[in-house]
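The entries follow in the order in which I looked things up.

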Number of protein chains: 6
Amino acid sequence: MTDATTPAIVRKDGRAVDQLRPVTIERGWSDQAEGSALISFGKTRVLCTASFTNGVPRWKTGSGKGWVTAEYAMLPRSTNDRMDRESVKGRIGGRTHEISRLIGRSLRAVVDMKALGENTIVIDCDVLQADGGTRTAAITGAYVALADALEWARGKKFIGQKSQPLIDSVSAVSVGIIDGEPMLDLAYVEDVRAETDMNVVVTGRGLFVEVQGTAEGAPFDRRELDSLLDLAVGGAAELAALQRSALDAVAGA
Amino acid sequence: MTDATTPAIVRKDGRAVDQLRPVTIERGWSDQAEGSALISFGKTRVLCTASFTNGVPRWKTGSGKGWVTAEYAMLPRSTNDRMDRESVKGRIGGRTHEISRLIGRSLRAVVDMKALGENTIVIDCDVLQADGGTRTAAITGAYVALADALEWARGKKFIGQKSQPLIDSVSAVSVGIIDGEPMLDLAYVEDVRAETDMNVVVTGRGLFVEVQGTAEGAPFDRRELDSLLDLAVGGAAELAALQRSALDAVAGA
Amino acid sequence: MTDATTPAIVRKDGRAVDQLRPVTIERGWSDQAEGSALISFGKTRVLCTASFTNGVPRWKTGSGKGWVTAEYAMLPRSTNDRMDRESVKGRIGGRTHEISRLIGRSLRAVVDMKALGENTIVIDCDVLQADGGTRTAAITGAYVALADALEWARGKKFIGQKSQPLIDSVSAVSVGIIDGEPMLDLAYVEDVRAETDMNVVVTGRGLFVEVQGTAEGAPFDRRELDSLLDLAVGGAAELAALQRSALDAVAGA
Amino acid sequence: MTDATTPAIVRKDGRAVDQLRPVTIERGWSDQAEGSALISFGKTRVLCTASFTNGVPRWKTGSGKGWVTAEYAMLPRSTNDRMDRESVKGRIGGRTHEISRLIGRSLRAVVDMKALGENTIVIDCDVLQADGGTRTAAITGAYVALADALEWARGKKFIGQKSQPLIDSVSAVSVGIIDGEPMLDLAYVEDVRAETDMNVVVTGRGLFVEVQGTAEGAPFDRRELDSLLDLAVGGAAELAALQRSALDAVAGA
Amino acid sequence: MTDATTPAIVRKDGRAVDQLRPVTIERGWSDQAEGSALISFGKTRVLCTASFTNGVPRWKTGSGKGWVTAEYAMLPRSTNDRMDRESVKGRIGGRTHEISRLIGRSLRAVVDMKALGENTIVIDCDVLQADGGTRTAAITGAYVALADALEWARGKKFIGQKSQPLIDSVSAVSVGIIDGEPMLDLAYVEDVRAETDMNVVVTGRGLFVEVQGTAEGAPFDRRELDSLLDLAVGGAAELAALQRSALDAVAGA
Amino acid sequence: MTDATTPAIVRKDGRAVDQLRPVTIERGWSDQAEGSALISFGKTRVLCTASFTNGVPRWKTGSGKGWVTAEYAMLPRSTNDRMDRESVKGRIGGRTHEISRLIGRSLRAVVDMKALGENTIVIDCDVLQADGGTRTAAITGAYVALADALEWARGKKFIGQKSQPLIDSVSAVSVGIIDGEPMLDLAYVEDVRAETDMNVVVTGRGLFVEVQGTAEGAPFDRRELDSLLDLAVGGAAELAALQRSALDAVAGA
């Protein structure tokens, strides 16, 4: 982002503009779910579980294809100010709906529904602590939980030994422009100041699944858009490597 | 999209790949609202009204700034199969929430809230008939309703004679890749077949407000993304011209 | 209402006491619905669509009879002050329920459910603009949409070629007493001032389907009731003629 | 209804066509409410309570006028088949809404809101047992509860010693046509068979507050309507006498 | 509770500390329900109905076992200040849920579900007037309604002539500590002052079904707990006797 | 529970009947909340956060007293079978309500509301993993979070330096009878088999705050009740010691 002779812009937490926060993936966190991961992007912590069940929703029955869906939610005190519970309010807010749908689409983009067969996987992403980037952490962790649930299902012979429903990996990262400077993986204090904010979902092969850019302050031009995409592709490649190494480790070890 | 020697791909409705459907803007359709427009993108018809009220929501009171928000909904038989009413279901779906929020953000991007003062404008976009592109038609029509409501407020001296809350115009258009070919302004039959679907919100000056691209089928690469953006920018420029000519006409005439 | 020697009372909009507002019926307004009409009673505009589906609700299955039901709603800015959406409030108000039920009962009164067979027609009446008499305009327009949907079903052979589910036509009109004077088809400014307000649903043959009279101000006596019924029967006959001529025209022409 | 030489039609329960069921009014049933009455129309039993509170809803504040409103509900096993509770379903049905509104309007028609002052009375009508005519019994009993609550308020000096908010009494009765014969005060077995069903709300002076006639089976003509109104006016006069004698008795004695 | 030489503490209503309020059980109050009882504990009056239906909820189908469940609710003006209806609020409160569940569990504890067979009994306990102890009166009355519904079912041969689904009777009573003194069957004015409040459900044989003690003020020690249990067991024995004599009487006589 | 000569009954997980599962308290787990603890009772893991805010609900304003309340919820895949989210269902279930109320009452029993002053503490107990005893773990962890939030408030001078709102500590434990044998701290597999199940909330001084015993199978007698209370008091004393040592440690260390 910055040419060699300019001293690197240092962010509040000391990161370079193209640097991710520390990422940890605690695979197999749950004793109950078929697949699970507790993922952290800095102080953002999301518990992702994958629940595998035989059968599909009625509208898919008989299609020979499976279904993957996701639900996202935040604990009421995951944030700095306590939020009311959506269960208490009796309705789910627009933001929650939007992110749940985004996670579901992102995961479905890397699943071969034929290979999954008539089985359903529900991914739950519950934000235990929020410090920006909860949706991108959720997608990145959800992929690990999903991979483990599929492995579990293969072990149980719910899907064929040779079936490989995963056709690619998927991760997500946020990028944004702050004081005119494109930056990777915004923490909350950065996110609220960003003029433009973009969430990018990228497969392990580097293809785009989702590009969601929003001008929070001033509209952005094509050159800025390009810079943001560059940063995002780089960050996503790092996340893909972290997912691989988490999945290569012995689960729960 | 197609080089000069290739015969242009002809779409189901006879359009070229970079051609909008016929667009009509019936400004001042409503006798009740401060601003209104009945907009058509082909068979898609959306009634947009702008309701101006003095005062702002509690969390903005005393800020000296105004507020613009939007609500989107579809009539139950705007679609080919009748949908249940969200009022009857007792809850608003995720898609409705998502689009309402998108319209609101898009309009706010071109409003100077200081110049608006402590006044609120609620934009209602009700889809009377749906044939793809309802959210982009809604944004495009909503801008016209908004402009008229602001003019009305200036006439009533609710905003200063020299205040110009509109800092730019805004319109939106969908683009998508069908059978590998990027196309502009998808009708419903095209939309359901698109591998990638993108909604782009662009200001009159050609800057991006929102870029929302989704791989419905296969993930897309950077080159495809660029082609889609090119198409969208072109279509949005045409829409901006149509908005200008609607607003230049004598309202209701 | 007024004897020959008294100069006719002139209403705010210049009408005689026994005069309807201008009525227009735009038949076949929707490209999606099996039957539709955009009806205007003066500035009141209601979009009526009829959705035909095979089968009936579970509690009618096997009865050999069909079902007709209706839903009424107002767009939030159909009125002079914007109303909150019922979908946003999460519940349908009493007035909406009441009118939906009234429309459904009124239409069922002229349908032979045996001749309809096990098919369902849902009528949606959405008020695009409100200026008094929305429920009576809705019933009157709904009948036209219903008639077209039945014609469509006959064309599709979903009902027998010789079946005639319609046993009569039906229309509705409001009447009220203002400053002691009975008047036909109240506009909003009249409606709010009326001491007594009555909605009357009448078949093409002149029989009553519904009589709903309410003393908003002072209770009314038998003579006033009789005058109101006389006025209503006259207005309904005019509406029946307008329905006939709309249905005689070539749809969509 | 039947001329002198025809033997009177005898109804299932032995009543003449113009005869009410036995009516009892247990005034002051509740130890908690400011006014109350447990009313029976045959086996139909409705507990009516009137709750008096100082102040009015926000939209009436400063008007110097009071407010009277009503809520109607049925116990789940008031009917022959148990119904689900509306609280459990999470929404109030159309019929409940409709009847609550009817009761409120009927009572307001006999209250001088200026004389009531800025006070609110909420009438609750809970059907303990249902056998037809629950809404008419509710209105009739509600008037007694209302009268007692006003007397209580006068005792407490919440309304002036010389104020008389009640400008008339009000009662209600159902009438209907069964096998072509108009009948008064339908029990449930009659109600389900009625071709036309009408609820009529009448003041003590014999004026109409509400006339709600519905053709359940065949539409009805003017002559039938007249017969029904005659029957209703007669029944209402009897009910008014019963209300008077209940109110003349020493409450709770 | 008080030793022989101390003059008995006299409660506001003149009762001794170990004395129940006057209890009446009006068995067969409802003409509609299979079993019913209107029970009074002093001014607390609860209408209990038992609705018998063949079949069980889906999750019990095929088990050969029946199901008993309960719903509790208060009329809005059963209390000294009117409460909003839960149907109007659109949600059931925690207290209502809690008590409904308590009643259901208490009754199920004395029913042999095998002997009941695949039948369901729904108990509705509606508080017509509340003066403390509504849940204990509800359980005590519900048992009588349940017994009659089972007798009805045996008469209808829905359960075998020799089947006896009731394995014991069940009643409930409240106890509490006021000014350091344990007392039986608290009226409302006592309940609000109690430091500790306990509801105890006891079978006819004197065994415990539920013990729910709560320190409203100061926590309580083991000795106090023992005193409360002693009082409750004594009160429950009296209630069991009253239930027996109600059931021995000829129903409805 | 077992006399010296009988070999101790060994439970599925090897515990003695009067032995708690391993308990861990991770104090200060959250970076956002004023107080927090992640508590484990065996595999049951509950995240407890305490949110301190100035001011009290309207009905307490001006009383000079504070307020403490609690909300309990389970993550959808905290259990072996995934449960639907209450936010998605749009309503909170009876069990959730019941437990939230229990936690709130338990904590309030050890808080001096005067010393707290007009401040509110909301405790959120979210079950991340469930294996029996979630409500008792929640209460035990909530106390630690509450204590830290009060310490935080003292540091911020929101409560006086000499104020000590905590008048005691509080913890909770479940006990139950399985195969006739009373046991402490039931795991899920034990809980489903228990004939009687009791949750007991006890202060650090050994006084009872709540005793909630339920006969799931057969009713229980006084002797069994006494055994269960003995076990519970012993377990609670151990938990109180663990709370003290967690709070004596340096938070977050």
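This is a predicted model: local features need pLDDT of at least 70, side-chain atom pairs count only at pLDDT 80 or more; totals for chains, interfaces and linings use all residues.

**Chains F and A**

Residues are numbered from 1 along each chain as its sequence is written, chains are lettered from A and ligands numbered from 1 in the order in which they are written, and side-chain values use heavy atoms, with hydrogens and water left out.

Next I looked up the interface. Chain F gives 34 residues to the contact and chain A gives 34 residues; contact means heavy atoms within 4.5 Å. About 2,900 Å² is buried between chain F and chain A, and carbon and sulfur atoms give 47% of this area. Buried area is the accessible area (1.4 Å probe) that two parts lose on being put together, summed over both. F:Trp29, F:Gln32 and F:Arg77 supply 25% of what chain F buries against chain A, more than any other three residues. I also checked which surface is used: 100% of the interface residues of chain F are also interface residues in chain A, so the copies meet through the same surface.

**Chains without contact**

I found no contact between chain A and chain D, where the closest C-alpha atoms are 11 Å apart. Chain C and chain F have no contact either, with their closest C-alpha atoms 10 Å apart.

**Helix 2 of chain C and helix 2 of chain D**

I took helices as DSSP runs (H or I, at least four residues), numbered from the N terminus. The axes of helix 2 (residues 94-108) of chain C and helix 2 (residues 94-108) of chain D come within 8 Å and cross at roughly 110°. Axes are lines fitted to C-alpha atoms over the stretch in contact, and angles run from 0 to 180 degrees between N-to-C directions. That makes helix 2 of chain C roughly perpendicular to helix 2 of chain D; angles of 65 to 115 degrees count as such, under 35 as roughly parallel, over 145 as roughly antiparallel and the rest as oblique.

The residues in this contact include C:His97 and C:Arg101 of chain C, and D:His97 and D:Arg101 of chain D. By class I found no nonpolar, 4 polar and 8 charged residues. Ala, Val, Leu, Ile, Met, Phe, Trp, Tyr, Cys and Pro count as nonpolar, Asp, Glu, Lys and Arg as charged, and the others, Gly among them, as polar.

**Helix 2 and helix 4 of chain A**

Within chain A, the axes of helix 2 (residues 94-108) and helix 4 (residues 134-155) come within 10 Å and cross at roughly 40°. That makes helix 2 of chain A oblique to helix 4 of chain A. Among the residues in contact are A:Ile99 and A:Leu102 of helix 2 and A:Ala138 and A:Tyr143 of helix 4. The residues of this contact divide into 9 nonpolar, 2 polar and 2 charged.

Conventions: Helices (H or I, at least four residues) and strands (E, at least two) are DSSP runs, numbered from the N terminus.
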